[in-house]
Amino acid sequence: MGQTPSAHFPGSGSGSARPSGRGIGVAVLDTGCFPHEDYQERIAAFFDMVRRRRLPYDDNGHGTHVCGIIAGDGSASKGRFCGIAPGCHLIPVKVLDKRGGGYVSDVLAGLHLILQQRDRFNIRIVNVSVGSFSGRNMSETSALVRGVEEIWDAGLVVVVAAGNMGPKRGTITTPGISRKVITVGCSDDDQVVNVMGSRMSDYSGRGPTRSCVCKPDIVAPGAAITSCSNQSGCYTIKSGTSMATPYVSGAIALLLEQNPEMSNRDVKLLLRERAVDLGLPRNQQGWGLLDIPSLLK
């Protein structure tokens, strides 16, 4: 989904013979999700760790944008802006408030809930466009890292943003520093864009981590991505590794529809095998650029 060809997977809209992610549940830990026309009927469940509301909402807009990149079918744009896996279903979990901030305890509660609901909603993928760069959270033994690794060890694919603290070394945010999860950076952060209200470039988090783990694992488009807004029928443009992460989550939904028996480890190994080397430093590009047609061949 986006304004550039690289951010849209041809044929991924509804009615296509290509895989659409049908039957695959994607949990999204974020600011919530507005029931946008592009995926309203595919919000299988909504959980609110912040205000305990029952109906889907998003008082920030970030989570809605992320959900659209994963699962939007382009209904409100007559097919112009389509997500990567427009057949998958969403399980948004609101763990961040209207300012995009939150508590570790709410994120952990959301992760625990996903484990409880995984079978009910066939949750195979957990998208975490959430990150912390505070000192006490930068250890592999931190609560956030242990939380996402528990999800990974339970067999789910966990896809996490590398964060927007680059370009210096050691700028991967937590829980992206986990050596188990799939950490996603931006492939196009050389472009000057607006990230969280600031004009930035070269912002994508770079490794290694404090434990000398090479991160990110893979990169995908994240600059000026058009996706669903938290207003009916509308779209908005956002940039950052938060946008690159659902691009990868959507691709994995397509892959798991084709190959439902694949384990999270299988998925990670195939992403590494099929990534395209951009010729950038390993701690900037990881294995390389996500290539969806190659991944699905």
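**Exercise 1. Find the element that holds Q117, then decide whether Q117 is buried or exposed.**

Start with the place: Q117 belongs to helix α2, which spans residues 104–121. (Helices are DSSP runs of H or I with at least four residues, strands are runs of E with at least two, and both are numbered from the N terminus.) This is a predicted model, where local features need pLDDT of at least 70, side-chain atom pairs count only at pLDDT 80 or more, and totals for chains, interfaces and linings use all residues. Residues are numbered from 1 along each chain as its sequence is written, and side-chain values use heavy atoms, with hydrogens and water left out.

Next, the accessibility. Q117 has a relative accessible area of 15%, so Q117 is buried. (Buried means under 20%, exposed over 50%, and partly exposed in between, with a 1.4 Å probe and protein chains only.) Now look for its partners: leaving out residues up to four places away in sequence, Q117 touches F47 and I123. (Contact means heavy atoms within 4.5 Å.)

**Exercise 2. Work out how α2 and α3 are arranged, and list the residues that meet.**

Two packed helices are described by the angle between their axes and the distance between the axes. Here α3 covers residues 143–153, and its axis comes within 10 Å of that of α2, with a crossing angle of roughly 10°. (Axes are lines fitted to C-alpha atoms, for helices over the stretch in contact, and angles between N-to-C directions run from 0 to 180 degrees.) The two helices are therefore roughly parallel. (That label takes angles under 35 degrees; over 145 is roughly antiparallel, 65 to 115 roughly perpendicular, and the rest oblique.)

Now for the residues. α2 brings V104, V107, L108, L111 and L115, while α3 brings A143, L144, G147, V148, E150 and I151. Sorted by class, this contact has nine nonpolar residues, one polar and one charged. (Ala, Val, Leu, Ile, Met, Phe, Trp, Tyr, Cys and Pro count as nonpolar, Asp, Glu, Lys and Arg as charged, and the others, Gly among them, as polar.)

**Exercise 3. Say how many residues of α1 are buried, and what they pack against.**

Count along the helix, residues 62–71: 10 of the 10 are buried, so α1 is largely enclosed by the rest of the structure. Among them are H62, H65, C67 and I70. Then check the surroundings: these buried residues pack against the strands β1, β3, β4, β10 and β11, and against α4.

**Exercise 4. Describe the largest pocket: its volume, its lining and the place of M196.**

Begin with the volume, which is about 820 Å³. (On a 1 Å grid over the protein atoms alone, a pocket is an open set of points with protein on both sides within 12 Å along at least five of seven lines, a cavity is a set where a 1.4 Å probe fits but cannot get out, and lining residues have an atom within 4 Å of a point. Points are joined across faces, edges and corners, and volume is the space filled by probe spheres set on them.)

Of the 41 lining residues, G100, S129, G131, M196 and S242 are the closest to the centre. α2, β7, β8, β11 and α4 each give at least two lining residues. By class, the lining splits into 17 nonpolar, 20 polar and four charged.

Finish with M196, in the loop between β7 and β8. M196 is exposed, at 68% relative accessibility, and has a positive phi of about 55° although it is not a glycine.

**Exercise 5. Locate K215, find out what it touches, and then look at the largest cavity.**

K215 is in the loop between β8 and β9, and it is buried, with a relative accessible area of 0%. K215 and N283 are 68 residues apart in sequence, yet their C-alpha atoms are 5.5 Å apart. The contacts of K215 beyond four places in sequence include I172, I177, T183, T209 and N283. A cis peptide bond, with omega about 0°, joins K215 to P216.

From there, go to the cavity. M138, G170, T171, I172, I177, P208, T209 and R210 line it. P208 also takes part in a cis peptide bond, with G207.
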